Amino acid sequence: MTNSSIPLQAASIEPVNAVAPPTLLQFDPRKVPFVAGGVEGLPAVSAVQLTAQALRARFATPPAWTPELRRDPRMTDRVPAQAAVLVPIVQRPQGATVLLTERTSNLSTHSGQVAFPGGRVDPEDANIAAAALREAWEEVGLSAQYIEVLGNLPTYTTVTSFIVTPVVALVQPDFELTINPYEVAQAFEVPLAWLMDPANHRHHTVPAPDGTRRQWYSMPYQDGPDERFVWGATAGMLRNLYRFLAA
């Protein structure tokens with residue numbers, strides 16, 4: 001499928017999803033041992049809960065829930081900055097999908113990784129949602145006329161000290177993308193039902209130099225001949241979306 005603010009309850013304890021960008025990694029995340037999510041016995045979110053009507057209702061009246069992942073360990077001296085990403089749920093006739101991007105290799109942070117459209121909140125942005133919509137337009141040419149914002153998930157702080165607010169939205173499918181080649185190598189879609197099934201979530205863990213263990217989730221999706229390796233902060237935010245919808 002290539003190129004095709006309602007704050008919620010925050011956790012009292014912030015578990016660490018310890019993922020570093022490629023420039024800070026001392027390992028290949030694809031080669032780190034993992035445990036399939038299915039062993040946890042967590043159920044997939046049902047198809048009925050993934051309809052546009054059900055998603056609107058869930059964000060309009062959110063349940064009591066606790067985010068699983070809230071932040072990465074700090075691995076840079078960057079001053080913390082507010083950022084926003086759009087979690088675009090495309091309403092395809094065959095089933096909802098999530099629009100994701102692969103970042104170009106020339107970017108200074110998180111280059112080459114799978115990500116949501118998004119970036120730093122600018123002073124001119126009216127609010128977090130406006131920032132996410134602007135970034136989606138600038139990165140992939142996704143126009144706000146196709147987007148219905150549902151609400152926000154809790155913030156997620158990355159290793160590069162961006163405090164990211166995921167803005168979840170429904171997207172009508174008759175859009176056309178215009179990729180910004182400086183920021184985005186390509187855009188693609190992954191079925192929402194696949195992402196909301198813990199059997200497709202891999203839990204990784206690796207020893208850290210300080211004696212602790214770094215851990216994170218990945219969701220490697222086989223898109224024809226291409227493996228879309230969703231991991232790190234993007235996978236963490238999707239895992240939180242799963243927890244929110246499954247609560």
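Which residue's side chain does Arg56 meet in a salt bridge? Glu148, with 2.7 Å from N to O. By salt bridge I mean a side-chain nitrogen of Lys or Arg within 4 Å of a carboxyl oxygen of Asp or Glu.

Before going on, the ground rules. This is a predicted model, so local features need pLDDT of at least 70 and side-chain atom pairs count only at pLDDT 80 or more, while totals for chains, interfaces and linings use all residues. Residues are numbered from 1 along each chain as its sequence is written, and side-chain values use heavy atoms, with hydrogens and water left out.

Back to the first pair. Arg56 sits in helix α1, residues 52-60, and Glu148 in strand β6, residues 147-152. The two are 92 residues apart, and the pair links distant parts of the chain. Helices (H or I, at least four residues) and strands (E, at least two) are DSSP runs here, numbered from the N terminus.

Next, accessibility. Buried means under 20% relative accessible area, exposed means over 50%, and partly exposed is in between, with a 1.4 Å probe and protein chains only. Arg56 is partly exposed at 36% relative accessibility, and Glu148 is partly exposed at 30%.

How many salt bridges are there by this rule? The count comes to 10.

Now Arg228, which counts as buried at 3% relative accessibility. Its side chain meets that of Asp223 in a salt bridge at 3.2 Å, N to O. Asp223 is buried as well, with a relative accessible area of 10%. Arg228 also forms a salt bridge with Asp226, at 3.7 Å, N to O. Asp226 counts as partly exposed, because its relative accessibility is 35%.

Last item, Ala246. What does Ala246 touch, not counting residues up to four places away in sequence? Val45 and Arg58, where contact means heavy atoms within 4.5 Å. Ala246 and Val45 are 201 residues apart in sequence, yet 5.9 Å apart in space, C-alpha to C-alpha. Ala246 belongs to helix α4, residues 232-246, and is partly exposed, with a relative accessible area of 39%.
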